[in-house]
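Subject: Structure for you to look at

Hello,

Here is the structure I said I would pass on. My notes on it follow below.

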Amino acid sequence: APAAAAALGCPVGAIANSLVFEADGAPLLVLASGAHRVDTAKVAALVGVRRVRRAAPAFVLAATGQEVGGVAPVGHPAPLRTVVDVDLAAHPVVWAGGGDHHTMFAASYDELLRITAGEAAAVA
């Protein structure tokens with residue numbers, strides 16, 4: 001997130017990291033502000049599972065069709081349950097991955113919620 005923010009000239013908190021987790025065996029996408037880390041226990045309670053853990057690269061690729069480090073919030077083989085960090089709402093423009101290691105796109109927080117059918121929540 002810091003490198004992307006520097007390249008884009010925006011605050012690190014305006015970077016929407018697309019993080020894939022394994023939630024009791026199912027993929028869970030968390031769009032988290034680049035300014036902090038995801039509290040997996042908090043997210044597990046939020047989505048009603050026993051355990052949320054960072055997914056292995058092969059799991060991420062299978063769930064999204066995209067490699068770790070370039071995951072977009074959309075464009076996956078099947079829709080993923082998605083949680084969108086409420087801290088991103090503080091930024092009029094947020095930047096998310098475009099599906100590869102070199103592409104980002106701009107959106108508003110409301111647009112991210114709409115295009116992902118995501119649930120707004122505090123994840124840190």
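Serine 18 counts as buried, because its relative accessibility is 13% and the cut-off for buried is under 20%. Please keep in mind throughout that this is a predicted model.

Serine 18 sits in strand β1, which covers residues 15-23. A polar atom of the serine 18 side chain is 3.2 Å from the backbone oxygen of valine 71. Apart from neighbours within four places in sequence, serine 18 has contacts with Leu29, Val30 and Leu31, and also with Val71, Ala72 and Pro73.

Next, the nonpolar cores. The largest one holds 17 residues, and Val20, Val84, Leu88 and Leu112 have the most contacts inside it. At least two residues each come from β1, β2 (26-33), α3 (57-64), β5 (94-97) and α4 (109-116). The biggest share is from α4, which gives three residues.

Residues up to four places away in sequence aside, leucine 88 touches Gly13, Ala14, Ile15 and Ala16, then Leu31, Ala32 and Ser33, and finally Val94, Tyr109 and Leu112. There is also a second, separate core of 14 residues, with Leu19, Phe21, Val38 and Val52 among them.

Then there is helix α2, residues 40-47. Which of its residues are buried? They include Val43, Ala44 and Val47. The buried residues of α2 line one face of the helix, because they fall within an arc of 105° when seen down its axis. An α-helix has 3.6 residues a turn, so residues three or four places apart point the same way. Ala41 and Ala45, on the other side of α2, are exposed. The cover over the buried residues of α2 includes β2, β3 (52-54) and β4 (81-85).

Both ends of α2 are worth a look. After α2 comes glycine 48, which has a positive phi, near 75°.

Last, the annotation. An unreviewed UniProt entry lists residues 3-114 as "domain: YbaK/aminoacyl-tRNA synthetase-associated". In the model, that span is 25% helix and 29% strand, and its end C-alpha atoms are 27 Å apart.

Regards

Methods. Residues are numbered from 1 along each chain as its sequence is written. This is a predicted model: local features need pLDDT of at least 70, side-chain atom pairs count only at pLDDT 80 or more; totals for chains, interfaces and linings use all residues. Side-chain values use heavy atoms; hydrogens and water are left out. Helices (H or I, at least four residues) and strands (E, at least two) are DSSP runs, numbered from the N terminus. Buried means under 20% relative accessible area, exposed over 50%, partly exposed in between (1.4 Å probe, protein chains only). A polar contact is a pair of N or O atoms within 3.5 Å; within protein, one must be able to donate a hydrogen and the other to accept it, and residues adjacent in sequence count only if both atoms are side-chain atoms. Contact means heavy atoms within 4.5 Å. A nonpolar core is a set of buried Ala, Val, Leu, Ile, Met, Phe, Trp, Tyr and Cys residues joined through side-chain atoms within 4.5 Å. The arc is that of the directions from the helix axis to the C-beta atoms. UniProt positions are given in the numbering used here, feature names are shortened, and annotations may be inferred rather than shown by experiment.
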